[in-house]
Amino acid sequence: MDSDIQNVRKDYRKRGLLKQDLPDNPIQLLEKWLDEASSTDPTDYNAMCLSTSNEAGQPDSRIVLLRSVTEMGIRFFTNYHSKKGRDIEGNPNVSVNLFWKEWERQIRIEGFAARCSEKESDLYFASRPRASQEGAWTSKQSSANVSPSIEKRLESTALRFKEKTEIPRPDFWGGYDIAIKQIEFWQGRPSRLHNRWRFTLIDKNECSWKIEQLDP
Ligand SMILES: Cc1cc2nc3c(=O)[nH]c(=O)nc-3n(C[C@H](O)[C@H](O)[C@H](O)COP(=O)(O)O)c2cc1C
């Protein structure tokens, strides 16, 4: 039997996003919204839904953590052999969604993913807690029914690096940079008259963007 999902209707009214609030470069607004979101939810404000698709065009989504904002986009880290890694290697077009309930805000991004430099991945990996580094070596992320158990394999990894003060980064683990082609800022407004502004990259070298207001 179907079951209806109920929620209490809400009228978004915290704030608006007007043309005069928009910078020429949307990366500045992305940083501002991330900063504001971190003040109300310091643990999960950078959780984003990343969508990839395989070569047959089947989309798939999962949460990853946004780790840095770069000159032209955003960066996250993962296992390059994971499902998302394999999707991206076959089709680098991705989309990202961020939603901050407390701020009645959503950001939608369409972009192009490419591995960041090995040096940047090394630096980030070195900053991670030792247990996370051992986890990265151990997990065959997205593989099914791996044997022996992850706990058993983790013991072997810990033993393998026991004598090492620093654990090197595995070459199958690192960052992806998503170069933003399009980004939309959504600010909830009363009576569903939400403010939506879409920036589309025109020229990367000149960092020029077309700005359009979208109907809610
Ligand atoms: C809050 C949250 C943060 C996560 N952050 C990451 C991350 O930064 N990198 C990552 O590879 N997986 C992260 N995951 C796990 C992914 O959602 C996913 O389970 C995993 O990456 C395997 O995805 P795949 O099989 O599509 O490759 C996170 C999950 C949650 C719920």
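**Exercise 1. Which pattern does the protein follow, read along the sequence?**

Solution. This is a predicted model, in which local features need pLDDT of at least 70, side-chain atom pairs count only at pLDDT 80 or more, and totals for chains, interfaces and linings use all residues. Residues are numbered from 1 along each chain as its sequence is written.

Step 1. Take the elements: helices (H or I, at least four residues) and strands (E, at least two) are DSSP runs, numbered from the N terminus.
Step 2. Count them. The protein has 5 helices and 9 strands.
Step 3. Read them in order. The pattern is α-β-β-β-β-α-β-β-α-α-α-β-β-β.

**Exercise 2. Describe the protein as a whole: its box, its burial and its contacts.**

Solution. 
Step 1. Along the principal axes, the C-alpha atoms fill a box of roughly 60 × 55 × 40 Å.
Step 2. Apply the burial cut-offs. A residue is buried if 20 or more other C-beta atoms, placed from the backbone, lie within 10 Å of its own, exposed if 12 or fewer, and partly exposed in between. Of the 216 residues, 22% are buried.
Step 3. Turn to contacts: two residues are in contact if their C-beta atoms, placed from the backbone, lie within 7 Å. Among contacts with a separation of 6 or more, 60% join residues 24 or more positions apart.

**Exercise 3. Which residues come nearest to the ligand, and which element gives the largest share of the shell?**

Solution. 
Step 1. Set the cut-off. A residue is near a molecule or strand if its C-beta atom, placed from the backbone, lies within 6 Å of it.
Step 2. List the nearest. The ligand has 14 residues around it, and Thr78, Ser82, Lys83, Lys84 and Ser142 come nearest.
Step 3. Assign elements. β2 (59-65), β4 (73-79) and α2 (83-90) each supply at least two shell residues. The largest share, 5 residues, is from β2.
Step 4. Sort by class. Ala, Val, Leu, Ile, Met, Phe, Trp, Tyr, Cys and Pro count as nonpolar, Asp, Glu, Lys and Arg as charged, and the others, Gly among them, as polar. The shell divides into 6 nonpolar, 4 polar and 4 charged residues.

**Exercise 4. Is Trp197 buried or exposed? Place it in its strand pair.**

Solution. 
Step 1. Locate Trp197: strand β8 (residues 195-203).
Step 2. Count neighbours. Trp197 is buried because 20 C-beta neighbours lie inside 10 Å.
Step 3. Find its contacts. Beyond neighbours within four places in sequence, Trp197 touches Leu17, Leu22, Glu184, Phe185, Ile211 and Gln213.
Step 4. Pair the strands. Two strands pair if DSSP finds at least two bridges between them. β8 and β9 (residues 208-214) pair in the antiparallel sense over 7 bridges. Gln213 in β9 is the bridge partner of Trp197.
Step 5. Check the turn. The β8-β9 hairpin has 4 residues between the strands, and Cys207 there takes a positive phi near 50°.

**Exercise 5. Find backbone exceptions in the loops.**

Solution. 
Step 1. Recall the rule. Most residues other than glycine have a negative phi, and most peptide bonds are trans.
Step 2. Check omega. The bond from Ser147 to Pro148 is cis, with omega near 0°. Pro148 lies in the loop between α4 (130-138) and α5 (150-160).
Step 3. Check phi. Glu104 has a positive phi, near 55°, in the loop between β5 (93-100) and β6 (105-115). Arg192 has a positive phi, near 65°, in the loop between β7 (173-187) and β8.
Step 4. Glu104 has 18 C-beta neighbours inside 10 Å, so it counts as partly exposed. Arg192 has 9 other C-beta atoms within 10 Å, so it is exposed.
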